[in-house]
Amino acid sequence: MEFATFADRAAAIEAEPADLEIVALVRELLEDADADLEIVARFVQGRVFPAWRSRTLDIGPNACYEAIARAAGTNVGSDDVEEQLAEVGEIGEVAASYEFGGQQGLGAFTGGGGDAGETGDDLTVREVFETLSDLAAAEGAGSQDRKIDLLFGLFNRCSSDEARYLARLVLSEMRIGVGEGTVRDAISEAFDVPGEGVERALQVSNDYGQVARVAREDGLEGLDAMELEVGRPVQAMLAQAGTVTDALEEWDEAAVEWKYDGARIQLHHEPATGEREPRTSVFSRNMENVTDALPEVVEYAAETLEEPVILDGEVVAIDAGGAPLPFQDVLKRFRRKHDVEKAREDVTVRPVFFDCLHAAGDDLLEEPLTTRHDRLREVLTDPDRSEPNEEEVEGLSLLWRTDDPDEIESIDADALEGGHEGIMLKNPASTYSPGRRGKHWRKRKPDVETLDCVVTGAEWGEGRRATFLGTFELSIRAGDDSEERRSAGSAVEPQNLETVGKVATGITDEKLEELTELLEPHIAVEEGQEVDLEPEVVFEVGYEEIQTSPTYSSGYALRFPRFQGVRHDKDPRDADSLERLESLRSA
Ligand code: AMP
């Protein structure tokens with residue numbers, strides 16, 4: 001296909017407002033692409049290479065402006081291009097505003113082997129692709145100049161419309177209204193294959209070009225035969241924010257995991273065979289290859305994995321004792337290209353895996369989460385140990401299945417105590433949907449509003465926590481609380497407080513010790529494990545919801561209350577009131 005034809009079609013698509021019509025136009029484009037189908041299916045989305053390939057053009061906007069300026073003639077400098085861009089706001093428009101093709105002498109640099117200096121009519125889609133591939137491959141000293149030369153060669157042969165789409169393609173700013181769904185539907189219509197078949201093939205291959213070609217040549221059967229490949233990254237399944245309440249309402253039970261505060265990784269590993277070294281690749285959430293930055297993950301794979309696998313997980317930074325460090329520490333390692341060994345001395349990382357997409361030739365995307373997790377445990381378990389014990393499997397994220405909110409609360413408390421971010425709630429029956437931010441994975445929603453509550457009671461703990469006060473009773477102000485009393489500085493009387501719940505979650509042992517010291521002097525009455533406290537201390541508490549409840553004297557209960565901190569700056573008289581609670585509830 002001539003590049004001019006592609007540019008014409010792209011212009012028509014860009015001018016079309018209706019989604020259905022856009023699909024029809026893309027369908028025609030794919031039908032007419034013949035031998036260039038793979039390239040066209042990617043170009044129309046503004047991609048040069050398949051999404052899974054780490055290969056990029058690696059050319060910055062400035063180099064692109066420079067190439068445009070050179071092709072535009074001796075009077076134009078890259079400053080002019082930038083100035084115009086600032087005015088017009090879009091590189092395609094700027095590129096289209098120049099007249100190219102006058103630079104015969106310099107056109108000798110042109111890529112793709114076409115005749116230098118001729119205007120666009122013989123530039124083909126394939127030539128553009130091949131020249132951009134050469135450009136991507138240019139490395140080392142002088143590579144930037146070589147890239148600019150190659151790009152100049154292309155622009156020099158472009159008509160105005162061709163230049164518009166070439167510039168946008170190079171800078172990954174196609175913006176003609178063609179999203180992934182559009183191309184999926186267009187492939188389905190053009191080659192008469194069901195949309196779901198196309199969708200599945202896209203999920204496993206991440207390559208619109210290949211899927212379009214297979215759909216055309218081998219139909220649904222061909223698409224169904226496409227599989228995951230170890231070494232080729234898959235888009236990561238994503239999470240939504242959500243609450244425990246919703247999760248338990250929608251699913252019979254929830255799979256609960258700790259939420260690790262690190263960076264997402266996808267590990268692809270093929271163990272060594274007789275003569276071949278093991279092959280390991282680690283990809284980021286955006287499918288960037290980050291293998292070289294994370295030697296610990298590669299070593300872990302070599303030591304642990306005995307079959308070809310694709311695993312999904314998180315890499316976390318840890319201190320000398322193995323406890324997790326904040327996310328910022330992972331960033332010191334994650335995309336690092338130089339001095340990795342030195343960086344490793346400062347910050348150690350370790351992988352934790354929570355999903356298994358492929359193991360020993362089996363694609364597991366369609367399997368339920370629980371099956372995938374069982375398989376994950378198997379692949380990470382040392383085969384010499386007869387009874388695999390989840391707790392002990394290094395690198396395995398624990399998973400609990402429960403429909404009991406209290407159990408979820410205590411998993412959350414453990415996660416926070418262990419220095420993790422909180423919990424993830426997952427639908428145990430759900431399949432793995434690459435690239436989707438679906439409802440099946442939920443990160444527990446951060447609290448929108450918090451309440452400042454007076455601590456009016458507590459319980460002595462048990463076992464190792466026997467010397468700590470815990471499970472704190474929370475109250476808010478109600479009843480006689482007039483301005484006069486406040487300004488007269490009178491204390492809050494216990495009878496003017498109403499209970500709203502108890503908080504036991506989100507408190508580490510260290511913190512419990514501190515809180516016990518703070519509260520013990522205020523014990524008014526002690527009965528068995530339970531104590532009543534004088535109203536002196538204010539806690540800031542997060543919660544998921546405010547419900548009506550006969551259990552507490554306010555008539556309301558905080559659902560999933562979580563300790564956020566002590567409001568040392570607040571007096572019980574400044575704690576939140578029943579009125580505020582009611583207004584938050586109706587908000
Ligand atoms: P967020 O980045 O806030 O949207 O939260 C989702 C991210 O949490 C995922 O992309 C993972 O990188 C990370 N994460 C940590 N622990 C888990 C887990 N157990 N399951 C899934 N994702 C997790």
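## D363 and its neighbours

The side chain of D363 places a polar atom 3.0 Å from the backbone nitrogen of L228. This model is predicted, so to speak of local features a pLDDT of at least 70 is needed, side-chain atom pairs count only at pLDDT 80 or more, and totals for chains, interfaces and linings use all residues. Residues are numbered from 1 along each chain as its sequence is written, and side-chain values use heavy atoms, leaving out hydrogens and water.

The side chain of D363 also makes a polar contact with the side chain of H358, at 2.7 Å. (A polar contact is a pair of N or O atoms within 3.5 Å; within protein, one must be able to donate a hydrogen and the other to accept it, and residues adjacent in sequence count only if both atoms are side-chain atoms.) Leaving aside residues up to four places away in sequence, D363 touches E227, L228, L357 and H358, where contact means heavy atoms within 4.5 Å.

## Where D363 sits

D363 belongs to strand β7, residues 362-363. Helices (H or I, at least four residues) and strands (E, at least two) are DSSP runs, numbered from the N terminus. Along the chain, D363 and E227 are 136 residues apart, yet 7.1 Å separates their C-alpha atoms.

Is D363 buried, exposed or partly exposed? D363 counts as partly exposed because its relative accessibility is 25%; buried means under 20% relative accessible area, exposed over 50%, and partly exposed in between (1.4 Å probe, protein chains only).

## Domain 2 meets domain 3

The protein chain is assigned domain 1 (47-170), domain 2 (238-444) and domain 3 (449-586), with bounds from an automatic or database domain assignment. Ten residues from domain 2 and twelve residues from domain 3 take part in the contact. Taken over C-alpha atoms, the centres of domain 2 and domain 3 are 37 Å apart.

About 1,000 Å² is buried between domain 2 and domain 3, with carbon and sulfur atoms giving 50% of this area. Buried area is the accessible area (1.4 Å probe) that two parts lose on being put together, summed over both.

## Links across the interface

How many salt bridges does the rule find across the interface of domain 2 and domain 3? There are two, a salt bridge being a side-chain nitrogen of Lys or Arg within 4 Å of a carboxyl oxygen of Asp or Glu. E417 and R465 form a salt bridge, with their closest N and O atoms 2.9 Å apart.
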